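Me: Please set out what can be read from this chain, in questions and answers.

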Amino acid sequence: MRPYNQGNLATRIEQKPKPKQRTIQKKRVTIRPGISSGEKLLYFFVVIALVIVSTFLIARYAKISHYNYQILETKQEVKKVTEQNGELHAKIDELSKPERIRSIAEQMGLTKLDDTVRVFKGGTASN
């Protein structure tokens, strides 16, 4: 808006000084490349914790695997003992046949006096 000078052209129009424009200085923020020492320490502890947990898990799996091998070995031993027991039972049955016992008794000079047969079961005699 033009200032009013009352029609006189010889007057000098005072010009108001323009207010200085404030120059806004921007703060410079320096961004450091990389991570801070606190973050490095945090990452270090996280890595250590992960190593400890993974070592613990691997140790547990190794122990479980060891127990599984022991179970398999024990099962194989049980199978062998069961087979041996079967063979021994078959041998007992073969050796305890009355014909065999009778022939051995006759070879040793024993004779049958009467028709009475005594059967021993569990250490007691029954007729």
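Me: What is the average pLDDT of the chain, and in which element is confidence lowest?
Reply: Of the residues, 90% score at least 70, and the chain averages a pLDDT of 86. Confidence is highest in H1, at 97. Where pLDDT is low, the predicted coordinates should not be read in detail. The lowest mean, 56, belongs to strand E2 (residues 124-126).

Me: How far apart are the end C-alpha atoms of residues 41-62?
Reply: An unreviewed UniProt entry annotates residues 41-62 as "transmembrane region". In the model this span is 100% helix and 0% strand. Its end C-alpha atoms are separated by 31 Å.

Me: Is Val 46 buried, partly exposed or exposed?
Reply: Val 46 belongs to helix H1, which covers residues 37-95. The relative accessible area of Val 46 is 41%. Buried requires under 20% and exposed requires over 50%. Because 41% falls between these cut-offs, Val 46 is partly exposed.

Me: Which residues make the nonpolar surface patch of about 490 Å²?
Reply: Val 46 is one of the residues in this patch. A patch residue needs over 30% relative accessible area, and Val 46 has 41%. The patch is made by Ile 35, Leu 42, Tyr 43, Val 46 and Leu 50.

Me: The side chain of Ser 103 has a polar atom 2.8 Å from which backbone oxygen?
Reply: Ser 103 is located in helix H2 (residues 98-107). With a relative accessible area of 33%, Ser 103 is partly exposed. The distance of 2.8 Å is within the 3.5 Å limit for a polar contact. The backbone oxygen is that of Arg 100.

Conventions
Residues are numbered from 1 along each chain as its sequence is written. This is a predicted model: local features need pLDDT of at least 70, side-chain atom pairs count only at pLDDT 80 or more; totals for chains, interfaces and linings use all residues. Side-chain values use heavy atoms; hydrogens and water are left out. Patches are made of residues with over 30% relative accessible area and no salt bridge: like charges are joined within 9 Å, nonpolar side chains (Val, Leu, Ile, Met, Phe, Trp, Tyr) within 5 Å. Accessible areas come from the Shrake-Rupley method with a 1.4 Å probe; for residues, only the protein chains shown count as cover. A salt bridge is a side-chain nitrogen of Lys or Arg within 4 Å of a carboxyl oxygen of Asp or Glu. Helices (H or I, at least four residues) and strands (E, at least two) are DSSP runs, numbered from the N terminus. Buried means under 20% relative accessible area, exposed over 50%, partly exposed in between (1.4 Å probe, protein chains only). pLDDT is the predictor's confidence in each residue, from 0 to 100. UniProt positions are given in the numbering used here, feature names are shortened, and annotations may be inferred rather than shown by experiment. A polar contact is a pair of N or O atoms within 3.5 Å; within protein, one must be able to donate a hydrogen and the other to accept it, and residues adjacent in sequence count only if both atoms are side-chain atoms.
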